[in-house]
Each structure stands twice: as C-alpha cells, then as structure tokens.
Amino acid sequence: MARSWTRLHEHLGVLPGPLTFDMVAKAAAERLAESDDLDWKEQLPQPPREGRWNELAKDVAAMANTRGGLIIFGVRDTTCELVGIDPGEVNTDQYAQWVRNHVHPYLSGLTFTTLTSPHGATSVLVADVPASPMAPHLVYGTAARDKDQQAAVAPYRDRDHTAWMAEHQLERAYRDRFTRAQHADDTLQRLINHARETVKPSSRQNRPPGSSLSHAPNAHCRALPPV
C-alpha cells in the first residue's frame with residue numbers, strides 16, 4: 001500500500017502502517033461512514049457502458065481532485081456489509097488502463113491491492129488514490145447519441161458522494177495547481193542558490209594562489225615532458 005495513515009487508521013486508533021484485511025473488516029463491522037477520503041463499493045470496477053462515464057475513472061479523479069483516499073471494493077455502501085470480491089476477477093492492469101485512458105492529466109501514484117482474510121475465504125480490493133499536485137484531473141467520456149464527440153468534466157468528493165466542479169471551482173483548482181508549481185520552482189531555485197554559495201568558497205580555498213579553473217589543466221599539460 002502506498003500510504004500508511006488513512007481514514008481507517010484514524011477510526012480504529014491504530015498506529016501508522018500497512019492497511020490490512022482485518023482493519024477493513026473491523027471498520028465495516030463498525031459501520032464506518034463514507035467520507036471525502038473513503039468510498040465503499042460493493043462490486044469490482046465494471047467496463048464503461050454506452051453513453052456513461054467510466055465509473056472507476058470518475059471515482060479516482062474525484063478523490064485525486066480532493067485530498068486523496070481509499071476506494072474499497074467488496075463492502076456495500078448502504079449497510080457497510082462486508083460481501084467480498086472474487087480475487088480471480090481482479091484485473092489491475094485493465095483498471096489502470098481505464099484510468100490512463102479517461103483521466104487527464106496523467107495521475108501517478110495510484111495503486112490497487114487485494115487484501116484477503118487470514119483464513120482465505122474473503123477478499124477486498126483497495127484502490128489507494130493519492131492527493132494529486134496536478135489537480136484538477138478531468139474525466140473524458142462520450143454520450144450515447146454522439147459517440148464522436150468527447151466531453152470532459154472535473155469530479156470531486158463532497159463528503160460522501162461525488163459532485164462535478166462548477167466553473168468557479170475549476171478556475172480555483174487550476175490557480176491552486178499553478179501556485180503549487182510556482183512554490184516548487186521557488187524552492188528549487190533557493191536550493192540551487194544555496195548549493196552555489198556553499199560550493200564556491202570551498203572551491204576557492206582548494207585552488208593554488210593565482211590559479212584558475214580555466215588555466216589549471218593547460219598548466220598541468222605544459223609541465224609534462226615531451227613525447
């Protein structure tokens with residue numbers, strides 16, 4: 001698992017560490033409610049249907065656009081009943097391809113993990129969605145009446161359900177992305193400047209008096225005896 005602290009860790013009061021099947025089972029038994037960073041799903045991801053968005057891509061993009069979280073397949077969202085999934089039907093390569101094809105820009109860090117009970121009778125699939133610095137992520141799809149025309153929407157998690165960003169929310173999300181990128185550039189430039197200032201004095205101290213980097217190699221070559 002990519003993260004060591006989740007909504008389940010907080011609810012169960014356990015120390016940071018890998019998520020386990022027993023943790024999922026206990027959280028479901030205690031009817032832990034869905035939230036912006038936890039989504040229960042009864043069935044495994046299904047192929048996109050005609051005229052509908054890819055549901056997996058939509059759910060993944062919504063969490064990435066909010067603050068990341070877990071999508072757990074094998075638990076009924078209405079009752080929190082642990083029904084499990086068939087691990088033989090899990091196809092993580094296909095799930096990842098659906099996300100690549102329908103979510104833009106590319107979302108890195110998404111992981112899928114199958115967790116099985118100690119006795120091996122029940123399994124769940126956990127999609128761990130990172131909070132993405134590249135948010136907002138758009139979901140692309142087509143309508144049944146116009147298959148050649150693609151549309152894009154920006155989903156997000158609003159407490160326990162998925163909603164669509166309005167224009168002003170989308171504008172703010174892009175502004176936040178550009179701000180994060182600028183802060184990263186500023187931090188990198190400060191580190192580069194600090195490295196330069198740290199290296200320059202030591203470089204001068206190690207050079208012989210009157211020497212320079214540009215002339216030192218040539219001087220060394222002139223000192224060699226002729227061939």
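Begin by selecting helix 3, which is mostly covered, since nine of its 10 residues are buried; here buried means under 20% relative accessible area, exposed means over 50%, and partly exposed lies in between, with a 1.4 Å probe and protein chains only. The buried residues are Leu56, Ala57, Lys58, Asp59, Val60, Ala61, Ala62, Met63 and Ala64. Helices (H or I, at least four residues) and strands (E, at least two) are DSSP runs numbered from the N terminus.

Before going further, note that this is a predicted model, in which local features need pLDDT of at least 70 and side-chain atom pairs count only at pLDDT 80 or more, while totals for chains, interfaces and linings use all residues. Residues are numbered from 1 along each chain as its sequence is written, and side-chain values use heavy atoms, with hydrogens and water left out.

Stay at the N-terminal end of helix 3 and show the side chain of Asn54, which caps that end with a side-chain oxygen 3.1 Å from the backbone nitrogen of Leu56.

Next, select the four strands of the open sheet, whose order is 1-2-5-4 and whose pairing is mixed; two strands pair if DSSP finds at least two bridges between them. Strand 1 (38-41) and strand 4 (111-116) stand at the edges with a single partner strand each, so one side of each has no neighbour in the sheet. From one strand to the next the twist averages 20°, where axes are lines fitted to C-alpha atoms, for helices over the stretch in contact, and angles run from 0 to 180 degrees between N-to-C directions. Strand 1 and strand 2 pair in the parallel sense over four bridges, and the bridge partner of Lys41 in strand 2 is Phe73. Helix 3 (residues 55-64) packs on this sheet, touching strand 1, strand 2, strand 4 and strand 5 (123-129), and its direction makes about 155° with that of strand 2; contact means heavy atoms within 4.5 Å.

Move to strand 8 (residues 155-158) and strand 9 (residues 161-164), which pair in the antiparallel sense over four bridges. They form a hairpin with two residues between them, and Arg157 stands opposite Thr162 in strand 9.

Not counting residues up to four places away in sequence, Asp36 touches Arg7, Met63, Thr66, Arg67, Gly68, Arg157 and Arg159. The side chains of Asp36 and Arg67 are joined by a polar contact of 3.1 Å, that is, a pair of N or O atoms within 3.5 Å, of which, within protein, one must be able to donate a hydrogen and the other to accept it, residues adjacent in sequence counting only if both atoms are side-chain atoms.

Now select the loop between strand 2 (69-73) and helix 4 (92-102), where Glu89 has its place. Glu89 is exposed, with a relative accessible area of 54%, and, leaving aside neighbours within four places in sequence, Glu89 is in contact with Leu44 and Tyr95. The C-alpha atoms of Glu89 and Leu44, 45 residues apart along the chain, are separated by 8.2 Å. Cys80 is found in the loop between strand 2 and helix 4 as well; Cys80 has a positive phi of about 65° although it is not a glycine, and is buried, with a relative accessible area of 8%.

**Two cis peptide bonds**

Most residues other than glycine have a negative phi, and most peptide bonds are trans. The bond from His104 to Pro105, however, is cis, with omega near 0°, and Pro105 lies in the loop between strand 3 (103-104) and strand 4. A cis peptide bond also joins Ala135 and Pro136, with omega about 10°; Pro136 is in the loop between strand 5 and strand 6 (138-143).

**A last stop at helix 1**

Finish at His11 in helix 1 (residues 7-12), which counts as partly exposed at 34% relative accessibility. Leaving aside neighbours within four places in sequence, His11 is in contact with Glu30 and Leu32.
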